[in-house]
Protein chains: 2
Amino acid sequence: MLEVAKKVALTRPAVRTDADLTGSTPPLGKPTMATIRDVARAAAVSTATVSRVLNGTARVSDETRRRVSEAAKRLDYWPNGSARSLIHSRTQTLGVLLPDIFGEFFSEVIRGIDKAVRDAGLQVLLSSSHSSAEGLLSAAKAMAGRVDGFILMAPDLEAESAVDRIRKRFPLVLLNPRTQTPGTVSVSIANYEGAFAAVSHLIRLGHKRIAIVAGPMGNADSDERLRGYRAALVAHDIEPDERLVLTGAFTEVSGYEAGSRILRLRPAPTAVFAANDGMAIGLISRLSEGGVRVPDDVGVMGFDDIPTARYLAPPLSTVRTDAYELGACAVSGLLDVLGAEGEVLDLRWVMPWDLVIRRSCGALHGPRGSLTTTTPETTSEPAQSRGPILQREEESC
Amino acid sequence: MLEVAKKVALTRPAVRTDADLTGSTPPLGKPTMATIRDVARAAAVSTATVSRVLNGTARVSDETRRRVSEAAKRLDYWPNGSARSLIHSRTQTLGVLLPDIFGEFFSEVIRGIDKAVRDAGLQVLLSSSHSSAEGLLSAAKAMAGRVDGFILMAPDLEAESAVDRIRKRFPLVLLNPRTQTPGTVSVSIANYEGAFAAVSHLIRLGHKRIAIVAGPMGNADSDERLRGYRAALVAHDIEPDERLVLTGAFTEVSGYEAGSRILRLRPAPTAVFAANDGMAIGLISRLSEGGVRVPDDVGVMGFDDIPTARYLAPPLSTVRTDAYELGACAVSGLLDVLGAEGEVLDLRWVMPWDLVIRRSCGALHGPRGSLTTTTPETTSEPAQSRGPILQREEESC
DNA sequence: CTCGAGCATGAAAACGTTTGCACGCCACCC
DNA sequence: GGGTGGCGTGCAAACGTTTTCATGCTCGAG
């Protein structure tokens, strides 16, 4: 039984005042807008001069400048972006291709991209849900001539070939690339290291039987985090048990479902590492429903440190990776590539990361070592007048 | 003390393998790509014929078709989008201007837009963080000639003038417009009605002293929800108390901070209506820290029903408004406007909404009446094999 | 055999900009 | 008083497409 099925089923307009075609007002939107030629005519100059005035690209006499400016304003002239792009072979636009945009992680990535792009006076052409090579390729093709380069995230194995073809045509920054290709710039999250640290932390708290809710198979991020999980176990002389490896889909629901499976595991694990916070949220919810207390009965750690992580009950221990900065850095990297005239840049950035120990893993105080630990108080008490969420906006890339 | 201050402070690359300019490979990205003329030359035909073949826009002999296709493939020809836009005066692109893109609500709106746009074979030019009129206007100006129309959300009072100017130039769909302007199509959330229902529900549960954590002042959505809150009180003969009206910013932090203020209120409210789920999350977190139990000591309701709402502890009672559908409907509406040749459409859609009663408000079973209520079991148990989140994608607009 | 119809194709204009080049004008200097 | 610059401006080409129009060809009917 779906909660809100009834009303929502009819998704088309609930209220819909009728359409009417008013003959009085001139058909809005239709009157083709003023072009540079109209302005030129109105100011009694050539289009060249109008262009020069409006772009400040050459000296123009005060009198003409005045006339042109006045005419442009009177006609409400807005230059045509496509025409400019065509002439300059520069679109001032960055293409962004993502596998998905569900959840807070991607939301933050996009926010970071948007901010950085806006600061640079550019624009963003966005498209998502690309897991297949054809999908990715056709999206890129549709953007050809409208973007100067791409920010591309393609964690799915089968999309790899498309990435190669796009690389040949466009300046590119890869997000979390599966492999580092020479002559490419990429920005990555420390998937392996973060997972390794998170699981190691659980181990150091005394856990020996640790399950993982991984992401979908064939997904690069998921694979790396799984690898980190296994390596941490091995490094601490714990035999990995494949029955403790569950597969999710990076969504809350899938975490919830994994929770059901975990409840049935015998012997039960004493801790669970969820490969992202979204799944951790669903997981904790399900465990609580099953009468299993977090962290008393089972410790949980997530990955991402999405904005809501700290507000959960219990506050979620997780691997902090700044998705906002990831996006911002990708933009910065692409700008570098675009700036490097023809030179082939070979850069690989890995975003800083950190363990954030809150309550869900059961450690009130972190273990000795280099990990950042916080007491419960500092964990949930936002600093000063503004919380970390706002603060993050001020960090530069 | 910020949790993760240290490592994250240095946001620039932690690892950065050096740049090297390989002289061997031809400077990637530089070799200007094949144009339609190159294809024409290679196939020994005119550009007109190439265009005809590639677009299937006129009959071409089998032999020429073959030659052209082969040449296009061999040269890896990708048509230039800007040139096409210029000629057609159609860009196949929708501009999306949002006030912000923080949090799950906007994330879902964008996701809905992206999906609908992709299904229609179009593209999205995205820009956000527009609260001032100038900001909005300059963003729109930069998109002129690159988009066919706009999806525009401008809840801030001061941006109103910019909306008017944009309306004069472009086909437009407004999201949650402040006022309904004739000759405009808009898609709205039932802010007033939803808030009214949520607060009424709290009242029916027996609450008399109900606080609200509102959004920022001057924000259309916030204002409407506040109005609904007040109206519900009045409708049930409860005198509104201005000391119970707190202001937030639609973020988790601001909800958290409002929680601090609520803890100090005397006499304490027995219920709180948070104007969005994000603030509800922060609020509940702060209340729990203060030793106040939700829902036992104070009932809480939110607004939006973001994906994580159902997984919170306690699961959040809230007003369900489908942000994903909101975005999808906006696209559908804009397509209608673009399709209506010059005709002025005057449409106002209001999205369906619903109360989702979970646990945070304290009602195990909803009250009598037309409200959709769910028992705890159905509330948190995802339907069948796939949860509502996935299911939502299948609803058409 | 001639004529017209129909088909396949090419030439060129157009979309709205920017910019290289040339031109005319004025002031200045020997 | 005739060069010499420099300044302000216009003409026209160019960017990469699509599309209108014209043209040449083939084929069938009369």
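User: Where do Tyr192(B) and Phe196(B) lie?

Analyst: Both belong to helix H9 of chain B (residues 191-204), four residues apart, about one turn of the helix. Helices here are DSSP runs of H or I with at least four residues, strands are runs of E with at least two, and both are numbered from the N terminus. Before we go on: this is a predicted model, where local features need pLDDT of at least 70, side-chain atom pairs count only at pLDDT 80 or more, and totals for chains, interfaces and linings use all residues. Residues are numbered from 1 along each chain as its sequence is written, chains are lettered from A and ligands numbered from 1 in the order in which they are written, and side-chain values use heavy atoms, with hydrogens and water left out.

User: How many aromatic pairs does the structure hold over all chains, and how should I read one?

Analyst: A pair of aromatic rings is described by the distance of the centres and the angle of the planes. Rings of Phe, Tyr and Trp (its six-membered ring) pair if their centres lie within 6.5 Å; planes under 30 degrees apart are stacked, over 60 edge-to-face, and the rest tilted. Over all chains, the structure holds 12 aromatic pairs. One of them is formed by Phe170(A) and Trp78(B), a tilted pair with 6.0 Å centre to centre and 45° between the planes. Phe170(A) sits in the loop between helix H8 (160-169) and strand E5 (172-175) of chain A, and Trp78(B) in the loop between helix H4 (62-74) and H5 of chain B, so this pair joins two chains. For Tyr192(B) and Phe196(B), the ring centres are 6.2 Å apart and the planes at 35°, so that pair is tilted. There is also an aromatic cluster made of Trp78(A), Phe150(B) and Phe170(B).

User: What lies over the face of Phe303(A)?

Analyst: A charge sits over a ring if NZ of Lys or CZ of Arg is within 6 Å of the ring centre and within 35 degrees of the ring normal. Arg225(A) lies over the face of Phe303(A), 3.9 Å from the ring centre. In chain B, Arg225(B) lies over the face of Phe303(B), also at 3.9 Å from the ring centre.

User: Now the DNA. Which residues are closest to DNA strand D?

Analyst: A residue is near a strand if one of its heavy atoms lies within 4 Å of it. DNA strand D is surrounded by 28 residues, the closest being Thr49(A), Arg52(A), Arg59(A), Thr64(A) and Ile36(B). Of the atoms of DNA strand D that come within 4 Å of the protein, 62% belong to sugar and phosphate.

User: Which atoms pair up there?

Analyst: A polar contact is a pair of N or O atoms within 3.5 Å. An N or O atom in the side chain of Arg52(A) is 2.7 Å from a base nitrogen of DNA strand D. The largest share of the surface near DNA strand D, five residues, comes from H3(B).

User: Which peptide bonds are cis, and where is phi positive?

Analyst: Most residues other than glycine have a negative phi, and most peptide bonds are trans. A cis bond joins Arg266(A) and Pro267(A), with omega about -5°; Pro267(A) lies in the loop between helix H11 (252-264) and strand E9 (271-274) of chain A. The bond from Ala313(A) to Pro314(A) is cis too, with omega near 0°. Asp76(A) has a positive phi of about 55° although it is not a glycine, and its relative accessible area of 23% makes it partly exposed. Ser89(B), another non-glycine residue, has a positive phi near 55° and counts as exposed at 59%.

Methods: A polar contact is a pair of N or O atoms within 3.5 Å; within protein, one must be able to donate a hydrogen and the other to accept it, and residues adjacent in sequence count only if both atoms are side-chain atoms. Buried means under 20% relative accessible area, exposed over 50%, partly exposed in between (1.4 Å probe, protein chains only).
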